[in-house]
Amino acid sequence: MKTVGFLIITFLFNWLCLYAAESINLDQSIRIALANNPELRADTYSVEAAKWSERTAISHFLPRANFNASAVRIDDKTYEAANTIFQIPVFGPNNAPTGDYIPFSASGAGSLYKTSFRSGISIQQPVFMGGKITLGYQLARMSREQASLVLQNKKLDTSAKVASLYFSILKLMSLSELNDLSINSARSNLEKVEIM
């Protein structure tokens, strides 16, 4: 009983879809087929990936710049310990302390800041790689061209298939109309024969 109900609902749905369907021309059907074909979408993404590979290959000709920056912050306790002044005794020529003292602190030996910054930039320019960069760019360009040609061929194949199906449908529709005319003609001939 459930399958019969399902079949009836499916039949009614299909009948309503056919009743509400509009006929479309060849250009519209080709446009719809090209827009909804998953293989064409995948090939479009392949072309985009090949374009990015080509851009990356071009970037190998350009210099590469690296920027490094760092900041070091010393906590308060360590900073105060580094700035503490120590008294260093002075020794005479006989290596005996003279009684004089020199003030010394770790910050006096060099510049010590609570926060210090360091930055650097390095630039590398490829000079000669034995044609490796040029060859990589040529391969990437050829790969992009190949992906574009594959996409174009698939679009043309899809358009040809849709046109072939469209004309087959038109032929079947004209055969159906011709059949209807033949049946009507046969009925009218039958009625004339029955009247005679």
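Select Glu-145 to start: at 36% relative accessible area, Glu-145 is partly exposed. The classes are buried under 20%, exposed over 50% and partly exposed in between, with a 1.4 Å probe and protein chains only. The model is predicted, so local features need pLDDT of at least 70 and side-chain atom pairs pLDDT 80 or more, while totals for chains, interfaces and linings use all residues. Numbering runs from 1 along each chain as its sequence is written, and side-chain values use heavy atoms, without hydrogens and water.

**Stop 1: Glu-145 and Arg-141**

The term requires a side-chain nitrogen of Lys or Arg within 4 Å of a carboxyl oxygen of Asp or Glu. Both residues sit in helix H6; because they are 4 residues apart, about one helical turn separates them. Helices here are DSSP runs of H or I with at least four residues, strands are runs of E with at least two, and numbering goes from the N terminus.

**Stop 2: Lys-51 and Glu-48**

Move to helix H3. Lys-51 and Glu-48 lie 3 residues apart there, about one turn of the helix. Their side chains form a salt bridge at 3.8 Å, N to O. Lys-51 has a relative accessible area of 29% and is partly exposed. Glu-48 is partly exposed at 35%.

**Stop 3: Asp-43 and Lys-154**

Which residue forms a salt bridge with Asp-43? Select Lys-154: its closest N to O distance to Asp-43 is 3.2 Å. This pair links distant parts of the chain, 111 residues apart, with Asp-43 in helix H3 (residues 38-59) and Lys-154 in helix H6. Asp-43 is buried at 12%, whereas Lys-154 is partly exposed at 30%. The whole structure holds 4 salt bridges.

**Stop 4: the largest pocket**

Now select Ser-23, Ile-24, Ser-29, Tyr-166, Ile-169, Leu-170 and Met-173, which line the largest pocket. A pocket is an open set of points on a 1 Å grid over the protein atoms alone, where a 1.4 Å probe fits, with protein on both sides within 12 Å along at least five of seven lines; lining residues have an atom within 4 Å of a point.

How much space lies in the largest pocket? About 150 Å³, a volume being the space filled by probe spheres set on points joined across faces, edges and corners. Helix H6 (residues 132-195) gives the largest share of the lining, 4 residues.

Colour by class. The lining has 5 nonpolar, 2 polar and no charged residues. Nonpolar covers Ala, Val, Leu, Ile, Met, Phe, Trp, Tyr, Cys and Pro; charged covers Asp, Glu, Lys and Arg; the others, Gly among them, are polar.
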